[in-house]
Amino acid sequence: MLFLIGRNGFLSFHANMTLNVMLMSVALFLTAKNSRKMWEASEKTRGRIKKLSDYSFGAYLMHILVIKLLDHNPLFKLNTLQFKPNIGDFEGVLLNPAISVPVIALITFLISLTISGLLHRIPVLKRYIV
């Protein structure tokens, strides 16, 4: 029962180290692992998946930096609750989290993957970092 208690002493079901998050992660992994048996990918698709898997660890390492840059950018502020461009007296727009969270996740994923792909082209970084 200790794994369900969060830092503040209350019951938590969405913290990173809780049992239900572990079970969901295992279920997602097994679904992805076993679903590849259901379909045969073309050679072109396999190449894209291979390239995506090559860049994914670098994107994982980069995504926190991208999130911080989106939130603390001097040109605009973008987080799950608001979009506030730095334009005069404009107060910004409140965002619905049901829309903003997937949009910001997609933006973060694409920027992180692009940076990882660019770093992957530098031989020294490709070998030791990415």
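Predicted model: local features only at pLDDT ≥ 70, side-chain atom pairs only at ≥ 80, totals over all residues.
Modeller: Residues are numbered from 1 along each chain as its sequence is written, and side-chain values use heavy atoms, with hydrogens and water left out.

Colleague: What makes up the chain, and in which order do the elements run?

Modeller: The chain has four helices and three strands. Helices (H or I, at least four residues) and strands (E, at least two) are DSSP runs, numbered from the N terminus. Read from that end, the order is α-α-β-β-β-α-α.

Colleague: How do you know whether L70 is buried or exposed?

Modeller: Buried means under 20% relative accessible area, exposed means over 50%, and partly exposed lies in between (1.4 Å probe, protein chains only). L70 has a relative accessible area of 8%, so L70 is buried. Across the 130 residues of the chain, 17% are buried.

Colleague: Where is L70, and what is L70 in contact with beyond its neighbours within four places in sequence?

Modeller: L70 belongs to helix α2. Contact means heavy atoms within 4.5 Å. By that rule, and leaving aside neighbours within four places in sequence, L70 touches F76, K77, L78, I107 and T108. L70 and I107 are 37 residues apart in sequence, while their C-alpha atoms are 9.5 Å apart.

Colleague: Which residues make up the largest nonpolar core, and what makes a set of residues a core?

Modeller: A nonpolar core is a set of buried Ala, Val, Leu, Ile, Met, Phe, Trp, Tyr and Cys residues joined through side-chain atoms within 4.5 Å. The largest one here has five residues: M62, V66, L70, L78 and I104. Helix α2 (residues 43-71) gives the most to this core, namely three residues. In soluble globular proteins, nonpolar side chains tend to be buried together.

Colleague: Why is the pair K50 and D54 called a salt bridge?

Modeller: A salt bridge is a side-chain nitrogen of Lys or Arg within 4 Å of a carboxyl oxygen of Asp or Glu. K50 and D54 have an N to O distance of 2.8 Å, so the pair meets the definition. They are four residues apart in helix α2, and therefore about one helical turn separates them. K50, at a relative accessible area of 49%, is partly exposed, and D54 is partly exposed too, at 29%.

Colleague: How many salt bridges does a search of the whole structure find?

Modeller: The search finds two. R46 forms a salt bridge with E43, with the closest N and O atoms 3.9 Å apart. Both residues lie in helix α2, three residues apart, about one turn of the helix. R46 is partly exposed at 40% relative accessibility, whereas E43 is exposed at 62%. An α-helix has 3.6 residues a turn, so residues three or four places apart point the same way.

Colleague: Why is F29 called exposed?

Modeller: F29 has 55% relative accessibility, so F29 counts as exposed. F29 sits in helix α1 (residues 19-35).

Colleague: Which residues make the nonpolar surface patch that includes F29?

Modeller: L19, M22, L23, V26, F29 and L30 make this patch of about 550 Å². Patches are made of residues with over 30% relative accessible area and no salt bridge, where like charges are joined within 9 Å and nonpolar side chains (Val, Leu, Ile, Met, Phe, Trp, Tyr) within 5 Å.

Colleague: What do the buried residues of α3 pack against?

Modeller: They pack against α2, β1 (76-78) and α4 (123-128). Among them are S100, I104 and S116. S116 has a relative accessible area of 1%, so S116 is buried.

Technical notes
Areas by Shrake-Rupley, 256 points an atom, 1.4 Å probe, with all protein chains shown as cover.
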